[in-house]
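Q: Please take a close look at one part of this structure, the pairing of charged side chains.

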Amino acid sequence: MMERLSALYDKTCTCRHCHHSFTTKRVRGGSQAIIQRDADFCTYYKEQSLNPILYTVNVCPACGFAFTDQFTQQLLPPVKRLVQEQISSKWTPKEFGYVRSISEAVVCYKLAIYAAELTGEAHSVKAGLSLRLAWLFRFQNDKQQEKRFLHMAVHEYEQSYVFSDYDKGDKEMSEVRILYLIGELMRRVERYDEAVNYFSKALELGRQSIETGILSMARDQWSLAREEYKQKNQEKIG
Ligand SMILES: [Zn+2]
């Protein structure tokens with residue numbers, strides 16, 4: 001409990017829609033021991049209730065607009081009207097600024113994905129939200145919901161790659177990294193042909209790259225995708 005109290009702090013946010021000022025929890029960087037990282041970068045902490053992704057989304061308690069730090073700062077008047085109609089007019093004041101359970105965080109992500117659709121955020125922003133939501137379902141061992149949001153994430157990452165907006169959602173995202181990530185997400189939704197294709201693209205591009213960590217991951221996951229693909233075909237025949 002002490003650990004939890006000292007690892008969380010209050011961050012003050014201003015709502016990008018109604019300008020109401022509110023506080024929301026954040027996890028202090030570096031305060032947590034990492035125990036595992038999946039091939040799609042899903043990270044498990046020793047104390048999972050302090051996983052920073054639980055606190056990525058800010059939800060305005062006054063109007064219901066949910067956003068992350070990656071969202072556009074200013075909403076244009078027509079977008080504001082849309083948010084007013086579709087979100088705020090239907091909102092009953094609710095507080096997400098305290099300690100969050102996984103299910104509460106799930107609600108926050110769904111609100112943010114809806115808001116991102118309405119305000120036309122970059123594909124990379126929507127991709128990042130969908131992927132993190134899929135991880136929350138992975139933590140809860142809900143495979144069906146996890147897959148649903150992995151599908152959404154891989155679609156948005158592909159769009160993000162096509163329109164080259166991938167640095168908007170995540171400053172660390174490079175071309176090699178997004179190709180690798182799309183490959184890995186394709187593998188997880190069992191689209192093996194495309195998975196192998198994206199891993200090859202990542203490796204091809206990686207010849208001139210210094211990101212050797214990603215390249216060796218791409219090689220490993222590429223072989224895994226090929227194995228799984230073979231297995232699946234054998235099941236079909238057998
Ligand atoms: Zn607001």
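Does Lys-147 count as buried, partly exposed or exposed, and at what relative accessibility? Please go on from there to the salt bridges.

A: Lys-147 counts as partly exposed, at 29% relative accessibility; buried means under 20% relative accessible area, exposed over 50%, and partly exposed in between, with a 1.4 Å probe and protein chains only. This is a predicted model, in which local features need pLDDT of at least 70, side-chain atom pairs count only at pLDDT 80 or more, and totals for chains, interfaces and linings use all residues. Residues are numbered from 1 along each chain as its sequence is written, and side-chain values use heavy atoms, with hydrogens and water left out.

Lys-147 forms a salt bridge with Glu-190, with 2.5 Å between the closest N and O atoms. The term stands for a side-chain nitrogen of Lys or Arg within 4 Å of a carboxyl oxygen of Asp or Glu. The two residues are 43 apart in the chain: Lys-147 is in helix H5 (residues 143-162), and Glu-190 is in the loop between helix H7 (175-188) and helix H8 (192-206). Helices here are DSSP runs (H or I, at least four residues), numbered from the N terminus. Glu-190 is also partly exposed, at 34%.

By the same rule, the count is 14 salt bridges. Another joins Glu-184 and Arg-188, at 2.8 Å from N to O. These residues are four apart in helix H7, so about one helical turn separates them. Glu-184 is buried at 0%, whereas Arg-188 is partly exposed at 21%.

Glu-194 and Arg-191 form a salt bridge at 2.7 Å. Glu-194 is partly exposed at 28%, and Arg-191 is partly exposed at 29%. Salt bridges with shared partners also join residues into one network, including Glu-184, Arg-187, Arg-188 and Glu-228.
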